[in-house]
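Hi there,

Here is the structure I promised to pass on to you. Have a look at it first, and then read on for what turned up.

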Amino acid sequence: MDAHRRPLMDRTLPLLTEGYAWLPNRMRDSADAVLRTRLLGRPALAVRGPEAVRFFYDEGHVHRHGAIPAPVLDTLFGQGAVHTLDGDAHRIRKELFLPLLDPDRVAGLTEHVTAAWDEAVRSWSERPRVVLFDEAGVVLTRGVCRWAGLPHQAVDAEPLARDLIAMVDGFAAPGPRHLRARRARARQEARMARLIEDVRRGKVSAPADSVLDRVCRHHDDPDEPLDAQTAAVELLNVLRPTAAVSWFVAFAAHALHRWPAHQERLRAGDGAFATAFAHEVRRFYPFAPFLGGRTVTELTWHGESVPAGGILLLDVYGQNHDEKLWGDPYIFRPERFLERPAGPDELIPQGGGDPATGHRCPGERITVGLLESLAVRLARLEYTVPEQDLRIPLRRIPTRPRSGFAVTGVHAP
């Protein structure tokens, strides 16, 4: 019997119970960093390593269309999102996002977010207790909405932030978290679709070449703009990932609390170290456990096979903690990125490959830019960390410090 036809036990339930450790635990004994398993009722092949990243992102091997489970689409990405497209359709839709990666635009978003942070800090000093994860979500949402050109009268940052965070928090969780995520997406898709229709009818003005303007004018088909619902999905796919940087802000605060020696270089404004610190936060702390795609044809990797229509998994968490790549993967050491820049297919917290042509997250540059600036502000902020539960449970996807990282006695620098 062919290797990929041998019966395998489905491992979906262990994934739900083991979280981030599910795939690395099973790949630990594989010399070639490859694992044949079964997931969501389909044969699956899991791979890891820079060479495997290039294998995974080869469009001749994997399609995203039909690969993302409906519960994830209904919470995290939205139906019809760019993440579900392949080939020319994917490249055309991605043209909507790639100009946003221009350095001047990234700098503009960072300026809006840091201004919102500085505004918020003044109010934090008047409050007895602040949960950084929650507050960062509001700051990031307020900043990205201003940058994206959303009219202030159409946006209430706090409830929008709660919904954006809920979409991310519930995509991989059964039960109440998932229901909250679905409701949040439905609510905000409807609101953004109404806003897009109002812009197209001339009832609301969108600043020229703003994100809102670009979404309203984007055409997949030369003769037709995106329908309002799909346009709303893609507008949220700018707002939601920016709000999700609140996970990394909470992780950065956690790192500075555990290893306070890094504060001095950040406070001093060492730009190279701030970038290295941002990369190490993204490498060290768990966010995406793995990425998946539907196999176009039968694939073989290091002697293990998966049939066409199966699942190819890229072990993101395992690769970011691979001793062969990092030497000391469970030590938080930003200096590693000053000693040797990581290759694009080595550090993959937001995917691998080329964001211009493939499925690597186009917002990665934005994430790094925001985290650089906010880490410096965190290091310069004066506060007390009271007794709380700062454990980061690996069974929870996406995880974060259980307390959200609460602080007291905040004083602006």
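Which residue caps the N-terminal end of α11? That residue is Asp-227, with a side-chain oxygen 3.1 Å from the backbone nitrogen of Gln-229. Before going further, please keep in mind that this is a predicted model.

Let's stay with helix α11 for a moment. The helix covers residues 228-243, which makes 16 residues. Of its 16 residues, 14 are buried, so α11 is largely enclosed by the rest of the structure. Thr-230 is a residue you can look up in this helix. Its relative accessibility is 13%, and because buried means under 20%, Thr-230 counts as buried. Leaving out residues up to four places away in sequence, Thr-230 touches Gly-80 and Arg-93.

Helix α12 (residues 245-258) packs against helix α14 (residues 271-284) at an angle of about 105°, and their axes are 10 Å apart. That angle makes α12 roughly perpendicular to α14. On the α12 side, the residues that meet α14 are Phe-248, Phe-251, Ala-252, Ala-255 and Leu-256. On the α14 side you will find Phe-277, Val-281 and Arg-282. Sorted by class, this contact has 7 nonpolar residues, no polar ones and 1 charged one.

Phe-251 turns up again with Thr-399. Setting aside neighbours within four places in sequence, Thr-399 is in contact with Phe-251, and also with Tyr-20, Trp-247, Pro-286, Ile-392 and Pro-393. Thr-399 sits in the loop between β11 (382-384) and β12 (406-411). Is Thr-399 buried or exposed? It is buried, with a relative accessible area of 0%.

Finally, take a look at Arg-42, which lies in strand β2 (residues 42-47). This residue is partly exposed, at a relative accessible area of 33%. What does its side chain reach at 2.8 Å? The answer is the backbone oxygen of Gly-309. Beyond its neighbours within four places in sequence, Arg-42 has contacts that include Asp-10, Thr-37, Arg-294 and Ile-311.

Best wishes

Terms used
Residues numbered from 1 in each chain as written. Predicted model: local features only at pLDDT ≥ 70, side-chain atom pairs only at ≥ 80, totals over all residues. Heavy atoms only, no water. Helix = DSSP H or I, 4+ residues; strand = E, 2+ residues; numbered from the N terminus. Expected span 1.5 Å × (residues − 1). Buried < 20%, exposed > 50% of the residue type's maximum accessible area, 1.4 Å probe, protein only. Polar contact = N/O pair within 3.5 Å; in protein donor to acceptor, adjacent residues only side chain to side chain. Axes fitted to C-alpha atoms, helices over the stretch in contact; angles between N-to-C directions. Parallel < 35°, antiparallel > 145°, perpendicular 65-115°, else oblique. Contact = heavy atoms within 4.5 Å. Nonpolar A, V, L, I, M, F, W, Y, C, P; charged D, E, K, R; others polar.
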